[in-house]
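This report looks at charged side-chain pairs and then at a metal site. Please keep the sequence and the model in view while reading.

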Amino acid sequence: MDQAESVRTPSSWVVVGLDNGGTCNNATVLDATGQFLVSSLVENPSRVTDGPELAVDSLAAAFTAILELTQTPLSLVRAVGLDTPGPASAHGVISSKGATNFNQVSWHGFDIRGALEARLGMPVVYNNDANAAALYAHHRHFGTSALEKSSVSAIVGTGLGGGVVESGKVIRGAAGMAGELGHVQIPLHGVLEDGQPVPVCNCGFEGDVESIASLTGIKKNLLPYWLTRFPDHPLAAEPVEKAAKMLRGYGEKDDPLALAVFGQQARAIGKLFTIAANFTDPDAYFLGGGVVEAAPHFRQWFLNTVRESTQLRDEQARAATFALVPDLDMAGARGAAVAALDAVAAGAR
Ligand SMILES: [Zn+2]
């Protein structure tokens, strides 16, 4: 991609957004008027598997590189937004038990936000990656009315990430674990077939959203069951890991087994959104993840199935919107930047 065409230079003070992933960091710059200075992915290696010290070095390198690319002087930067996969505290301390991307012992209980703040010498605002994506979806969808609106986001990936936004702010919770929507247990009536085993999540819960609506759920629970119903399906000949990843391609071609699996996922998310409707009654329900990158007819079918499976009262149905999370590969960095901009604005108020 020709980045030169999609890069602007700042005309005001700015914040930087850094999205830390398993292999790459993605960086962006947001100016005080709410405009992003880059319109495409700007990545560098994240080196998280090399431990905290080199990973923080890599985040600092991403910070320097995005300032150079946008010709932004360091003196214009007021704050940095950082997001990483969880579990981590509301303030960016990685779980004491580690996490998928942070499994070295040196990561356990590591304060990645504090370490980056010390390294860069400026305020760093932390969110987990799902919360950052939810925040970006919210602000992108509602624009100038974002601070008056509420939303709930479900992001289907390896797991099921979530975020709850109220008055434009992420709900964090006492321990930083609000919005862990994947581990909300849902009624399974109307989701599972008669005789289908109750799915189990990696967290130990039975029948939570992630046990169904995630790549892990497909691999562990849904595909093994549905292959017993379609024993001659070509995916039966593939290793389950590979078959799970190939399933979306079959869904795009209206394959009956694939539609059965994705239909269960969409109904599970609908059950989750029904709980949300009775809990915070949001203005919008956002859906993100791999499905957003699928063929348009398929993702629309998936979103429609989620909507049909969400039981809203008439008043709620008139007030609420269902939408896909846009720009998903950039949503983390952009949401992290939005959080940093909000923090600077709140400090100025
Ligand atoms: Zn779970």
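## Salt bridges

Lys242 and Glu238 join their side chains in a salt bridge, with 3.3 Å from N to O; the term means a side-chain nitrogen of Lys or Arg within 4 Å of a carboxyl oxygen of Asp or Glu. Lys242 has a relative accessible area of 48% and is partly exposed; Glu238, at 26%, is also partly exposed. Here buried means under 20% relative accessible area, exposed over 50%, and partly exposed in between (1.4 Å probe, protein chains only).

The model is predicted: local features need pLDDT of at least 70 and side-chain atom pairs count only at pLDDT 80 or more, while totals for chains, interfaces and linings use all residues. Residues are numbered from 1 along each chain as its sequence is written, and side-chain values use heavy atoms, with hydrogens and water left out.

The count comes to seven salt bridges. Another of them pairs Arg8 with Asp31 at 3.9 Å, N to O. Arg8 is partly exposed at 37% relative accessibility, whereas Asp31 is buried at 2%.

## Zinc site

The zinc ion is coordinated by His183 (ND1), Cys201 (SG), Cys203 (SG) and Asp208 (OD), at 1.9 to 2.3 Å. Donors are N, O and S atoms within 2.8 Å of the metal (3.2 Å for Na, K and Ca); water is not among the atoms, so sites may look incomplete.

Along the chain, the donors follow the spacing H-x17-C-x1-C-x4-D. His183 is partly exposed, with 26% relative accessibility, and Cys203 is partly exposed at 41%.
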